[in-house]
Structures are given as structure tokens and as C-alpha cells.
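Please keep the sequence and the 3D view at hand while reading.

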Amino acid sequence: MRIIATILFVLLTAFCLTANAEIRQLRGVDDKLAELGFQMGEEVDKFADFQLENRTFVDKRNIIVPGASSQNYLVTFRESCQGLINARMAHRLIKNKGYLSQWDKFVTIYETSNIAWCEVIRVHEVEPV
């Protein structure tokens with residue numbers, strides 16, 4: 001019984017630390033977006049007519065991608081994605097053809113080599129301040 005209680009305590013602690021880190025990361029993104037003249041809006045499932053070549057670097061896990069009708073979106077990747085600043089990006093694994101959505105995977109490319117695989121975990125609308 002003691003072993004089960006210890007395991008449950010460790011799992012609860014790990015969960016709390018992970019949730020706390022996620023909240024701190026989102027607060028940091030809000031500050032960076034404010035510096036760029038944006039504020040985070042609602043989370044969306046997908047969006048069309050995205051333009052990866054015109055993206056704006058926020059940090060190593062987030063970029064702002066222009067979509068249709070002058071709407072911008074904050075794309076958050078599962079982990080830091082090398083090459084977001086200036087490497088070319090290509091859509092590799094697509095959930096909804098023609099859309100950028102959660103769980104899509106991109107690759108950053110320098111010359112002819114893949115630098116990193118980047119998996120989308122969240123997409124938010126961003127509004128100009």
C-alpha cells in the first residue's frame with residue numbers, strides 16, 4: 001500500500017510541475033506577443049491559406065503565421081524547433097489537406113538537409129494591439 005501511495009504522490013507532483021511550466025511558458029509568450037504588437041486570441045482547430053514564408057519568429061517554440069483575410073495565428077510546437085528564424089519550412093505530415101492544424105508536422109530545411117521536425121500542438125488567433 002505504501003508503494004502505491006508513493007507512486008501516486010510522484011505522479012501528482014510531476015503533473016503539477018508540468019502544468020505549472022506550461023502556464024509559465026504561456027505567460028512568457030504573452031509578453032513576447034505584446035512586444036511584437038499582438039495579443040493572443042481564441043484557440044482554433046485549423047486555418048487555411050497559411051503563408052509559412054512570411055512567418056514572424058516569437059521564440060524557439062512559437063511563430064506567428066499569416067492566414068486568410070489578414071488574420072494572423074500563433075502556432076505553438078511541441079518542443080523547441082531549430083531553424084524557425086530563417087530556415088525554409090515545409091509541411092510534411094498533414095491532418096487536414098490545405099489547412100494548418102494541431103498535430104501537423106513540419107520540417108525546417110537548410111540547403112538540402114532537414115534540420116528539425118516540428119509538431120504543432122496548439123494554434124491561437126492573434127489580434128493586433
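In this predicted model, R61 sits in the loop that runs between strand 3 (56-59) and strand 4 (62-66). Although it belongs to a loop, R61 counts as buried because its relative accessible area is 17%, and the cut-off for buried is under 20%.

**Around R61**
- A polar atom of the R61 side chain lies 3.4 Å from the backbone oxygen of R78.

**The disulfide**
- The structure holds one disulfide, formed by C81 and C118, whose sulfur atoms are placed 1.4 Å apart in the model.
- This pair links distant parts of the chain, 37 residues apart, with C81 in the loop between strand 5 (72-77) and strand 6 (88-93) and C118 within strand 9 (residues 113-128).
- Both partners are buried: C81 has a relative accessible area of 4%, and C118 has one of 2%.

**The whole chain**
- Of the 129 residues in the protein, 36% are buried.
- Among contacts in the protein with a separation of 6 or more, 51% are between residues 24 or more positions apart.
- The protein exposes about 8400 Å², and 54% of that area is supplied by carbon and sulfur atoms.

Key
Residues are numbered from 1 along each chain as its sequence is written. This is a predicted model: local features need pLDDT of at least 70, side-chain atom pairs count only at pLDDT 80 or more; totals for chains, interfaces and linings use all residues. Side-chain values use heavy atoms; hydrogens and water are left out. Helices (H or I, at least four residues) and strands (E, at least two) are DSSP runs, numbered from the N terminus. Buried means under 20% relative accessible area, exposed over 50%, partly exposed in between (1.4 Å probe, protein chains only). A polar contact is a pair of N or O atoms within 3.5 Å; within protein, one must be able to donate a hydrogen and the other to accept it, and residues adjacent in sequence count only if both atoms are side-chain atoms. A disulfide is a pair of cysteine sulfur atoms within 2.5 Å. Contact means heavy atoms within 4.5 Å. Accessible areas come from the Shrake-Rupley method with a 1.4 Å probe; for residues, only the protein chains shown count as cover.
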